Every structure is written in structure tokens, then in C-alpha cells.
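I opened this notebook page to look up how aromatic rings pair in the structure at hand. The entries below follow the order in which I checked them.

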Amino acid sequence: HLFGACGRWARVAPGLVSDLTKNFDMFTGYNCQRPAHASYPTHLWKNKERIELNKEVYTHDLIMDEAFSFVRENKEDPFFIYLAVAIPHAAMQVPEPYAKPWREKFPQFEEKIGRYAGTEVNNPIATFAGMMTLLDDGVGELLALLDELDLDENTIVMLSSDNGPHQEGGHEPDFFDSNGPFRGHKRDLSEGGIRTHMLARWPGKIAPGSVTDHVSAHWDVLPTTMDLAGAGTPADISGISFLPTLLGEGGQKENDYLYWEFYERGGKKAARWGDWKALQLNVNQSLDSPIEIYDLSKDPGEENNLAEVRPDLVTRAKEIFAEAHVPSPDWEFKNPKPKKKQ
């Protein structure tokens, strides 16, 4: 099982497209990311059936219950679940029993109001901590269910985040030191915005407490799951399998580089190869804006720009940017044409 490689498939998650199932056997969640900004929406979808909630149901609980039911119903067969939980998110909403202990711990924020997507929450610091507690409890409940059904040693569970800590809805990431030694937050291409943990658990296969510094990205997950399923990796995708790293084996391939683009907030590009990191800001203003270079092995906070002393690495960054960028009419940097002189 793959949670965890083939057989029955479920997607229990916020959806991004109108075709809800997308080749999954079962889907429960939102059919658009916009309603997913709030945890008490008017409705969700189960496959093509609309589930009326009338803003009375905390959707994280419903989504987790659907995932647990799917595990129970398919315990005799191989299964895969893509469980993309929507907490913590920018609307700092959580059932009050989970917020109350943290309100007592952080009373200094009781007058602070967090606002996002039409929601208002007092003491968003406490409610954020409550969301994290609820998520932690849900993961624990999932692991307990796998143990109860004797699926523990035949199921791999992987948990990660899609970005670094956000600053919306009244959340204060600096209060929790959410990005640690790294600079930036969600929507930044500095390490604080894109570097996240991945946790993986597979009793009997992944050594408990083991840690790796293998550099990977979310586009490596598909090749890894294909490898787990014995299906082989498609030739026309990016990414490499990190299964050897999970199993503590040798022969782990490394990415030649990792590359990111972000079109908001001035337009940004970034790349990492080995310990080197390149960052280019204000690309919407100029495709030739300065490229910054950092040595992450010595400077994880990206404070010492080495571009002037390592022009060779600036040249390498330009090569990566040119090779990795895929032109698209839907995603273009808004590089303005120079104004004509009067």
C-alpha cells in the first residue's frame, strides 16, 4: 500500500479542476481551491455528488473520516491515497476544543484578529497551534488505524508541505520560528519559502529516526511511487526516484539541478545544484535583473551574495534558467517593452 501503489486509488483533497475524479476511484474535497481558503464552506464534493455543509462542518474532519473509511474498505487490496489536507491554511479556523488550550497559553494575542477570505478569528496564534495539533492527531489516528488493520509493515506514509510558512490570516511565523535559519516565507524562492521537511514511515523498511540530506523536490515523488509499484518511470517527466534513500541503500541518483519560477511579487526564478543556489528577483521588470549566488553549505540563510566573486556561477545559473524554463502562453513574465522616447 502507498499512502501510500496500485490497485484502488483515492484522492481526498482540495480539488483544482472541474473533472473531480481525474482517474481516481474516489474523490472527496473541494472542486476549486478558492473555497478551500475557508474550513467551513457551504459544500464539498464526493465524486460528482454535492455534499451540503451549510458552513456547519469543519471540512478537515470530514476529509480525514473519508480517508479512514477508504482504508477500512480497501484493507484487503493494494491502495494509494493522496490525502492533501487543507490545514494549516490562511483562514485560521479550528474547532474551539483545539484552540482553547492555546488561548490559555498565548492570552497576549486574544485581542488580535486574523482576517482572510471573509473569515475573522480572534487569537490566530492560538488557532494556528490548534490546527497543527489537530493535524498531528489525525496523522496519529491514521498510523493507529494501519496498525489495527495489520497494514503497518505493508504501507508507506509520506508527509510534506507545499511551501514554507505563510504570513496570512494573522499568522505570525516569526513567533513560532517557523522558518528556522532560512530567509523568506511562502511565495518567496529563498529557502524559507521553498525548503520543507518530508517525513516518511515504513516499518521494517525505513530505519526509524534516520535522517538524510539528499536534495529532492515534490516532482521526485511520482518517480518514487512508480518505483515502489514496480511500474518504471515515464521518460517524459522531470524528477528521480528517491527510493534508494528511503531504504538506506546505495546508488541514489542526484538531480542535476532543481528549478523554480514564481510569477507574482515581481516575478522570480531560482535554481539549486549541489550546494549552490541562484536567485533572480524582479524578473517582471527585466529578464536580465541581477542574479544572486549563495553557498547553502555555509550560508543557509542566504545572506552573503557571491555573484560578484563567482561570475562563473552566474553564467551557470543563466544556463539552467534557459534550459529549464518551458514557454507557455498561460505563464509569462510580464517583461515590459521599453518606452519610446518622446
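**Aromatic pairs, looked up one by one**

I began with Tyr 263, which counts as buried at 17% relative accessibility, and I kept in mind that the model is a predicted one. Trp 331, by contrast, counts as exposed at 55% relative accessibility, because the limit for exposed is over 50%.

I then looked at these two residues together and found that Tyr 263 and Trp 331 form a tilted aromatic pair, with 5.6 Å centre to centre and 45 degrees between the planes. The pair links distant parts of the chain, since Tyr 263 sits in the loop between strand S11 (258–262) and strand S12 (268–273) while Trp 331 lies in the segment after helix H8 (311–324), 68 residues apart.

Next I asked for the total, and the count comes to 12 aromatic pairs. One of them is formed by Phe 109 and Phe 175, which I noted as edge-to-face, at 5.0 Å centre to centre and with 80 degrees between the planes. This pair also links distant parts of the chain, 66 residues apart: I placed Phe 109 in the loop between helix H2 (96–105) and strand S7 (113–116), and Phe 175 in helix H4 (residues 173–176).

Technical notes. Residues are numbered from 1 along each chain as its sequence is written. This is a predicted model: local features need pLDDT of at least 70, side-chain atom pairs count only at pLDDT 80 or more; totals for chains, interfaces and linings use all residues. Side-chain values use heavy atoms; hydrogens and water are left out. Rings of Phe, Tyr and Trp (its six-membered ring) pair if their centres lie within 6.5 Å; planes under 30 degrees apart count as stacked, over 60 as edge-to-face and the rest as tilted. Helices (H or I, at least four residues) and strands (E, at least two) are DSSP runs, numbered from the N terminus. Buried means under 20% relative accessible area, exposed over 50%, partly exposed in between (1.4 Å probe, protein chains only).
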